[in-house]
Every structure is written in structure tokens, then in C-alpha cells.
Amino acid sequence: MGDGASLFYLRIFFLCSGFPLLLFSHSVPTPINLHGLRSISFDEGYTQLFGDSNLMLLRDGKTVHISLDERTGAGFASVDLFLYGFFSASIKLPLDYAAGVVVAFYMSNGDVFEKNHDELDFEFLGNIRGREWRVQTNIYGNGSTSLGREERYRLWFDPTEDFHNYSILWTTNRIIFYIDNVPIRELARTEAMGGDFPSKPMSLYATIWDGSTWATAGGRYKVNYKFAPYVAAFSDLVLHGCDVDPIDHLSTCHDKQDGLYNSISITPKQRSAMQSLRRKHMIYSYCYDSERYPTPLPECLADAREAEQFEGAGSGRSGYRRRGKHHHHRAQAVPATF
Ligand SMILES: *[C@@H]1O[C@H](CO)[C@@H](O)[C@H](O)[C@H]1NC(C)=O
Ligand SMILES: *[C@@H]1O[C@H](CO)[C@@H](O)[C@H](O)[C@H]1NC(C)=O
């Protein structure tokens, strides 16, 4: 019931949301409202990657549950590759005891460019009961895996209680990570970064997997399958970018859309919100880890106030851990334990 009607509204919505783009496509791009973009159903943009019945669609296919149990984790990926754009999901993390559990929402092209891949990550690290989940962001460009650019934050809400939006804006000259529409990290491209700034088409991924060996206190707390299944819910899926043909890697949009995304910047109000969140909730940044990087990486513009907060923190304070080969969990299921 209502299929015709909902299709009708979908079309109307599509027309409305596309209208400003068409209108201004020949002049200077007007800023788009990133946080009002149309969300898609799973089937419109994504496909299951692994985990057989541990991926479940709900609510007309607009919400996806992926779960981890003793047999397997689960994951999905976008059908298309994208070169720049805005990508978002609203995510609710597994309840209760979740030590060793890792949920990731990220972009990568690891299976297309094995030696020089790019990657943009949100990673959620489970914890023992009563301790909060932590979120990590990271960036790799053109195979820069020896240079991690991790930042970690304590969340200022309980991410297991409700859905929250996690979004990535990726343009030719900057990358912004947002949580609930507030920017939490901005990377402006510098010439010195060279290929370390991601600039090849990537797909979107969402996975849940067993990170027992490193995720919680460096592997001290493992996944306890007594509490399984661990369920992560994804909704409000937004894939708004230049899609690229997976075979010939030709993009359909080029300059017009690049301009559209490049016109987005952080407003003064957003910037002060970002600075405040970072001061209160960031627990690690590679920019201030002088033990690991005696000379900070080139894009680490000194934010004097932020630097002061992290002065002398070194890697001791960070709890930084390399998580090993990242893309393996794309195809790899957790080995059966029973
Ligand atoms: C998350 O994004 C969706 C769609 O863009 C929006 O409807 C919702 O209000 C947002 N939620 C939060 C917590 O910002
Ligand atoms: C990326 O890596 C490839 C292979 O290592 C290299 O040939 C290319 O010049 C690099 N690109 C940039 C922009 O640094």
C-alpha cells in the first residue's frame, strides 16, 4: 500500500532538492545545505559485502542492521565509487559490554589501488561496561599507511542510546568530519602533503568486526560472545558525490560539482563550536604527538590554544594503537569459534 504515493513524493522531493543545483549550475555554485540532503534506501546505493544473515534491512530498507556474533561480523559497501562529495550515516552503536568490538564507517579504495590506496575513516571502538565508546578519525592518501593521521575523541553523548549523524565532506582542497552536523575535524590540503591528500575515487563502507587483538586497552579486553549479537544500526544514508564508473574510473561530473563542494566552508559559528568540542573531547591528535612525530606533519598548522592543551602529552596520553592491515576485514569474516 502507498507505493505509488511514496514514489510520487520521492520524485517531488528529488525534484525539489535538485532544483537549486540545476538553477545555478551555470553560474557560481550556491552553497548546498549538506544536512538537508536526501537520504537513500540501502538498495539505492549500497550492497552487502559479507556476513550473510548478519545484515538486515528494516523500515522500508532505509535502516540497516549489521551484527557481530561468534560466526561472523558483517559489512556493506557503496555500489559506486565517488570522487569527492558528502557522505553521511546516522549510526546507533551496540549496547552494553562491547569490548573488542569495532564499528567502522569509512571510505577506501584499497581493493582498486592495493599499493597506494586512499582512506577516510570513522572508527568506533567498543569498551568494557560502564566506559564509553570512543571514536577515531583517520586519513590516508596514496598509500601513506606509515603515517597515521589519527585523532580520537570521547563522545559527549551515549552513542548506544540513539542515532547520531557521522558525516564526511571530501573536496579537492579540504576534508571535514562532522558529528551531528558540527565539524569536529578539518584538514585543509597543503602542497607539502603531496599525494597524502586522498584524491582518487573511493567507495563507502560500513562494517562491524572483531578487533579483540587491539581495540580495547590494546587487546586486553576481548570480544565476549556471551553478549552477542552486537548490533550496529545505520540509517539516514546519504551518498552525495561525483560517482565514478567502476570500470574506466571516468567521473560524470568534474568541475561543476567540484566547485559546489569547494564552496562549502566552516562558518565562524561552526568553527567556534568545533574548537570547543575539540578542546573538551579530543583525547589524541597525531599533530601533538611529538614522540611519534618529532617534526609535526606538514598540515599540522599550529593552533596555539589546542597545542598548549596537548603540550608534553606525547604518545603516552594517546592510547594510540596501530590496528594492523585495514582492508582485510573487507572480505574477511571472523573465524568461527564453535
Ligand atoms: C541526522 O540527519 C538526518 C538527515 O540528514 C536528519 O533528519 C536528522 O535530524 C539528523 N540527526 C541529528 C541528530 O542531527
Ligand atoms: C602516488 O603513488 C604512486 C605510486 O607509488 C606514484 O607514482 C604517484 O606519483 C603518487 N601520486 C602522488 C600525487 O604523489
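Visitor: What is glutamate 123 in contact with, leaving aside its neighbours within four places in sequence?
Guide: In this predicted model, glutamate 123 is in contact with Val102, Ala104, Val135 and Gln136; two residues are in contact if their C-beta atoms, placed from the backbone, lie within 7 Å. Residues are numbered from 1 along each chain as its sequence is written, while chains are lettered from A and ligands numbered from 1 in the order in which they are written. Local features need pLDDT of at least 70, side-chain atom pairs count only at pLDDT 80 or more, and totals for chains, interfaces and linings use all residues.

Visitor: Is glutamate 123 buried or exposed, and why?
Guide: Glutamate 123 counts as buried because it has 21 C-beta neighbours inside 10 Å. A residue is buried if 20 or more other C-beta atoms lie within 10 Å of its own, exposed if 12 or fewer, and partly exposed in between, with C-beta atoms placed from the backbone.

Visitor: Which strand holds glutamate 119?
Guide: Glutamate 119 lies in strand S7, residues 119-125, and glutamate 123 has its place in strand S7. Strands (E, at least two residues) are DSSP runs, numbered from the N terminus, as are helices (H or I, at least four).

Visitor: And what does glutamate 119 touch, beyond four places in sequence?
Guide: Its contacts there are Tyr106, Met107, Ser108, Gly110 and Tyr140.

Visitor: New topic: how many helices and strands has the protein chain?
Guide: The protein chain has six helices and 15 strands. Of its 338 residues, 36% are buried.
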